[in-house]
Amino acid sequence: MPAGHAGQPAISPHVLRTLSEEMGADIARAFAERYVAMLDGRMARIRAALAGDDGEHAHVAALSLSCSSSMVGADTVAGLARKTADAAHAGAVDQARAHLPELEACAEEAATALTHVLLRTGEGPGPGGPGEPL
């Protein structure tokens, strides 16, 4: 699996495995696919809100990204999105904006890592092949 930002894993595979075990491999896979498909739009909403000095919309968009990132194990993205959301909510839009380059880089790394996992599991439900959870 590709390494993430600053040597941290881009995604935590145990989170995906847990999701797969609790919800089923098909649901976990669909959730991960939807996360990747929606990531550009989520980032665009955060960028637009911050560009327009709209702290409340930036807060909501970044909080949404944080929650969904946690669900797929993109912990670094979740943490940075949370910092962005908190700063935006506090009215510190410049501070929130300062997190954006790192957030964008980590989000791209997470999307790449998730895509890698999804491609690798295309022939079976898990990273190791058939029978192993996502």
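## Arg47 and its partner

In this predicted model, Arg47 has a relative accessible area of 34% and is therefore partly exposed, since that value lies between the cut-offs of 20% and 50%. The side chain of Arg47 meets that of Glu104 in a salt bridge, with 2.7 Å from N to O. Because Glu104 belongs to helix 5 and Arg47 to helix 2, this pair ties together parts that are 57 residues apart in sequence. Glu104 is likewise partly exposed, with a relative accessible area of 29%.

The structure holds five salt bridges, and Arg97 takes part in one with Asp53, where the closest N and O atoms are 2.4 Å apart. This pair links distant parts of the chain, as Arg97 is in helix 5 while Asp53 is in the loop between helix 2 and helix 3, 44 residues apart.

Arg97 also meets Asp94 in a salt bridge of 2.5 Å, N to O, and these two residues of helix 5 are separated by about one helical turn, because they are three residues apart. Through shared partners, salt bridges join Asp53, Asp94 and Arg97 into one network.

## The nonpolar core

The largest nonpolar core has 34 residues, and those with the most contacts inside it include Tyr35, Met43 and Leu103. Helices 2, 3, 4 and 5 each give two or more residues to this core, with helix 5 giving the most, twelve residues. Leaving aside neighbours within four places in sequence, Met43 is in contact with Leu65, Leu100, Leu103, Glu104 and Ala107.

Definitions and conventions: Residues numbered from 1 in each chain as written. Predicted model: local features only at pLDDT ≥ 70, side-chain atom pairs only at ≥ 80, totals over all residues. Heavy atoms only, no water. Core = buried A, V, L, I, M, F, W, Y, C linked by side-chain atoms within 4.5 Å. Buried < 20%, exposed > 50% of the residue type's maximum accessible area, 1.4 Å probe, protein only. Helix = DSSP H or I, 4+ residues; strand = E, 2+ residues; numbered from the N terminus. Contact = heavy atoms within 4.5 Å. Salt bridge = Lys/Arg side-chain N within 4 Å of Asp/Glu carboxyl O.
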